[in-house]
Amino acid sequence: VAYVIGPACVADYSCLEICPADCIRPRPDDPGFDSAEQLYIDPARCIDCDACVAACPVEAIHDAARLPAAWASYAGVNAAYFGRAS
Amino acid sequence: MTRSLRVAIVGAGPAGMYAAGHLLEGPGGTYLDGRLQQLVDRPVEVDVFDRLPTPWGLLRHGVAPDHPEKKLVETVFARTAARPGFRFYGNVEIGHHVHPRELAEWYDAVVYAHGASGDAPLGIPGEDLRGSLSARAFVCWYNGHPDYRDLDIDLSHERAVVIGNGNVALDVARILARPAGSLRGTDIAEHALTALENSGVREIVVLGRRAPLDGAFHNPELEELAHLTGVDIHVEDGDVSGDHDPGPLDQDSRRKLGTLRNYAARTTRGSSKRIVLRFLSSPVRIVGHDRVEGLLVGRNRLELDAEGGRRARATGDEILLETGLVLRATGYFGTPLPELPYDDRLGTVPSIAGRVIAGGHTVPGRYVTGWAERGPRGIIGTNKKYARDTVRSLLDDARHARLPLPGTLTAEAVDGIVRSRQPQVVDHNGWLRIDDRERRAGRAARRPRHKLTDRPALLDAASGPPPNS
């Protein structure tokens, strides 16, 4: 299980600043950042530490196992950003 | 001992507040080159000016009322505003109460973060008719911006047309389509809630000049339409069927196409309201005598230009959509500030790395960030990176003695002058009183806040008893 960023994300990247696994993309200086709809967590690299959950100012990050129903598709959306199946 | 670096920021929206946050760097530091670092090596004092009595800019007057989660980012700005060295000067207009040349004299550096508060012109006949307005103005109206509360919004015609294909276009379409009652638990302005609950609008047509995949809207905004109860979604002229091969697509586009195919394949449920996403359609002329009666729409086909880009070309087919309300959602656009360089083609302040450029040279001590720097693009957090980089230029100039330091006034001296020019300054404590009054009034009605929408009421709340009394 990994953590998943949902559609509330505003790309404030407070999560990415403190992620010990460096598994959140795009980073502010990555080419895709300016046009990003949101940020994404790589499920293969996430270490389940939940530090990002508290860092997110807009409560956009959830445990994949406890995603709100309306956001159910976002585990797949996060994984697909890294070219992975969820 | 070095004195504090004194910086003015013009605009208390996300761009200005992220710039203030980076200047008043927190203990965690600033994210750069893959790690958090301390970039600020001396004390800094920041005064943030805004022409409105309230801070947070488009977070308050742009973000849709049914997106409350996005507004939680105000906690970041509230934390910055609570740091030592921060002052808010609300209800002070730069270019009116205080002039840019004065800011340049009073401070070591000035960061312009005044955003884009105008509209990209549509350039079709009839766009000034009553009943035709920018989506930006409509958004300001439902979000309780004091300058737009008396806007003449006629929701009696059963069709409204939204011109444009960005997130703002989908925001206003969604707000118009929402079932009565579903906005009651939000912070929407009271006058807008009343008008929308008595609205006669049943169909909202959203016009896109090009193909579905050229839409600038984001996936969450597009997908959200499916969750509206009592609203049918139609896709017209989009050619989103499976037999057309759009070529290789990125993930965002694949997702959009999937959603649109889904909408196109849905059978009509006979709901009382519908949103029609109509692609390959350009507005030609708004018709009507003393007010909007219809919109003439031309159909387009896509052609590839020499560079392989997709261009919309008029086919010559035109249809008339009867409507009483046309909302032009073709983009925010910058407006010039007196004495500040302005590129009227881009609607921005010319700059390099956040340093303002005039006559081919950087203007010492003058900076720009946010939409005023790069144009109206990106989401809230995009401004954080741009603010960081503008602040890095400013700090670098301070370190290398490139700032015009002589003549800088003390914080007390500035405070005295500003209050003499505008006795009704709303300072940070004033804003906390407004915030408290709005939240209390909201609690009674089970809303996050009940916005005060006119200046006298805001000023009254700002000078009222302190919070928690």
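Mentor: Gladly! Two packed helices are described by the angle between their axes and the distance between the axes. In this predicted model, helix H1 (residues 14–23) and helix H12 (residues 382–399) of chain B pack at an angle of about 50 degrees, their axes 8 Å apart. That makes H1(B) oblique to H12(B). Angles under 35 degrees count as roughly parallel, over 145 as roughly antiparallel, 65 to 115 as roughly perpendicular and the rest as oblique. Axes are lines fitted to C-alpha atoms, for helices over the stretch in contact, with angles from 0 to 180 degrees between N-to-C directions. Helices (H or I, at least four residues) and strands (E, at least two) are DSSP runs, numbered from the N terminus.

Trainee: Which residues of H1(B) and H12(B) meet?

Mentor: From H1(B) come B:Pro14, B:Ala15, B:Tyr18, B:Ala19, B:His22 and B:Leu23, and they meet B:Asn383, B:Lys384, B:Ala387, B:Arg388, B:Val391 and B:Leu394 of H12(B). Contact means heavy atoms within 4.5 Å. By class, this contact of H1(B) with H12(B) has eight nonpolar, two polar and two charged residues. Here Ala, Val, Leu, Ile, Met, Phe, Trp, Tyr, Cys and Pro count as nonpolar, Asp, Glu, Lys and Arg as charged, and the others, Gly among them, as polar.

Trainee: How do the axes of H6 and H7 of chain B cross?

Mentor: Helix H6 (residues 135–142) and helix H7 (residues 167–177) of chain B have axes that come within 10 Å and cross at roughly 50 degrees. H6(B) and H7(B) are therefore oblique to each other. Among the residues of H6(B) that meet H7(B) are B:Phe138 and B:Tyr142. The residues of this contact of H6(B) with H7(B) divide into eight nonpolar, no polar and one charged.

Trainee: With which side chain does the side chain of B:Arg355 make a polar contact?

Mentor: With that of B:Asp397, at 2.9 Å. A polar contact is a pair of N or O atoms within 3.5 Å; within protein, one must be able to donate a hydrogen and the other to accept it, and residues adjacent in sequence count only if both atoms are side-chain atoms. B:Arg355 lies in strand S19 (residues 355–358) of chain B.

Trainee: And the backbone of chain A?

Mentor: Most residues other than glycine have a negative phi, and most peptide bonds are trans. A cis peptide bond joins A:Arg25 and A:Pro26, with omega about -5 degrees. A:Pro26 sits in the loop between strand S2 (24–25) and strand S3 (40–41) of chain A. A:Tyr13, a residue other than glycine, has a positive phi, near 50 degrees.

Trainee: Which conventions apply?

Mentor: Residues are numbered from 1 along each chain as its sequence is written, and chains are lettered from A in the order in which they are written.

Note on methods. Predicted model: local features only at pLDDT ≥ 70, side-chain atom pairs only at ≥ 80, totals over all residues. Heavy atoms only, no water.
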